[in-house]
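Here is a short briefing for a reader new to this structure. Start with the view below, then work through the points by topic.

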Amino acid sequence: MSIKREKMLPYGQQWLDEEDIEAVVQVLKGDFITQGPAIEAFERKVSDYAGTRYGVAFANGTAALHAACFAAEIGPNDEVITTPLTFLASSNCILYQGGTPVFADINPVTYNIDPHEIELKLTPYTKAVIPVDFSGQPAEMDRIQEIARLHNLIVIEDAAHSIGAQYQGRKVGTWADMTMFSFHPVKHVTTGEGGIIVTDNERFYRRLLQFRNHGMTRDPQELISNEGPWYYEMQSLGYNYRMTDIQAALGTSQMNKLDAFIEKRKILADLYSAKLADTPGVILPSQHADASSSWHLYIIQLDSKLNIPDRKNVFQKLRDMNIGVNVHYMPVYLQPYYKNLGYHRGLCPHAESYYENCLTLPLFPKMTEQDIDYVVTCIKEAINEM
Ligand SMILES: *Cc1c(COP(=O)(O)O)cnc(C)c1O
């Protein structure tokens, strides 16, 4: 038996260095801690990285998704297709706008939304699709774009897991009409709380800016009338969803390290895969031939057909060894709130059976090979020790 480690190994964690701290301190010593120049610099940094014309930063990724649904003019009577295998926000943002989330099942091999299932869920009311690049692996964006063009749908890519990932050699950010990145501390780079929408579409860009700031504009091109230099207009119902300059400065500094973080995540994921290969009962994550993951999560499944302890049992044993394993995610529509809206078990069988067996292992750039060895050994012990 392994000796239990002293401190809990979390499933994800930020990596901040002196440069990041100095960047924040500089803002604190300056004239603007919000609505200053650090925001635009951060937006430029992220949109340059993603390869898009525009970026609009938000208080968090969920607010960014809400704004994207507003920009896409999703409203009552509109259906939006998304995956059940995601964090609540990908689907809640549809509800915020009064739209109806429609869940399309996952591909049981990649865990991403299955384009064929999207086609089966299309109706005359379908207005948009929100694919999620689950665990960091891009969804099948070529096929999703093809369906969207054919049926006049807007694609909002939830790339909270996948900044820096590629599909067919093209970076995430340039595939969809709008793409969301989150800067929560468990994600690749952090601003504490934060999110962004990147896009090439000027109309969406202008709507996102208004929505972030109470639906207000001062832009002379947008004003209906102009009563003087003090004048602004509220043209739609927006929110205060702004990011602070403190956060933006941290984000710009963190972006300098993004590629190194992703490189380290790939190395760690490869180590897991090599060391867990041929472990009876352990199903390793599988990559689509066109996808290059940025590895937000490393998820295994426990083969319920084999005579090994079940997921709950293994989960508890690993937590007892101070390993912060996790479960991502229970299908969204099984949440009580969604059940009350009328969604029911059986809607997406692949997502449901995945949920029974999945287990997220710790993965963050500061981990060492010794950490990986400890997790792998504990998994093997948990499975064999019946
Ligand atoms: C983290 C996350 C979000 C929301 O981001 P926040 O910044 O925490 O609001 C949305 N979708 C997915 C898939 C996420 O993992």
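In this predicted model, a polar side-chain atom of His161 lies 2.8 Å from an oxygen atom of the ligand.

**Around the ligand**

- The protein buries 92% of the 380 Å² that the ligand exposes when taken alone.
- Which residues come nearest to the ligand? Of the 16 residues around it, they are Gly61, Thr62, Asp158, Ser182 and Lys187.

**Strand β5**

- Asp158 also belongs to β5, which spans residues 154–158.
- This strand is mostly covered, with five of its five residues buried.
- Side chains in a regular strand alternate between the two faces of the sheet.
- On one side of β5, Ile154, Ile156 and Asp158 are buried.

**Neighbours of β5**

- Strand β4, residues 126–130, runs parallel to β5 and is joined to it by two bridges.
- Val129 has Val155 of β5 as its bridge partner.
- From β4 the chain passes through helix α6, residues 141–151, to reach β5. This β-α-β crossover is right-handed.
- Strand β8, residues 178–182, is also parallel to β5, and three bridges join the two.
- Met180 in β8 stands opposite Asp158.

**Cysteines**

- How many disulfides are there? The count is zero.
- The cut-off for a disulfide is 2.5 Å.
- Cys358 is in no disulfide either. The nearest cysteine sulfur, in Cys348, is 15 Å away.
- Is Cys69 buried or exposed? Cys69 is buried, with a relative accessible area of 0%.
- Cys358 is likewise buried, and its relative accessible area is 0%.

Note on methods
Residues numbered from 1 in each chain as written. Predicted model: local features only at pLDDT ≥ 70, side-chain atom pairs only at ≥ 80, totals over all residues. Heavy atoms only, no water. Buried < 20%, exposed > 50% of the residue type's maximum accessible area, 1.4 Å probe, protein only. Helix = DSSP H or I, 4+ residues; strand = E, 2+ residues; numbered from the N terminus. Pairing = 2+ DSSP bridges. Right-handed = clockwise from strand over helix to strand, strands pointing away. Near = heavy atom within 4 Å. Polar contact = N/O pair within 3.5 Å; in protein donor to acceptor, adjacent residues only side chain to side chain. Areas by Shrake-Rupley, 256 points an atom, 1.4 Å probe, with all protein chains shown as cover.
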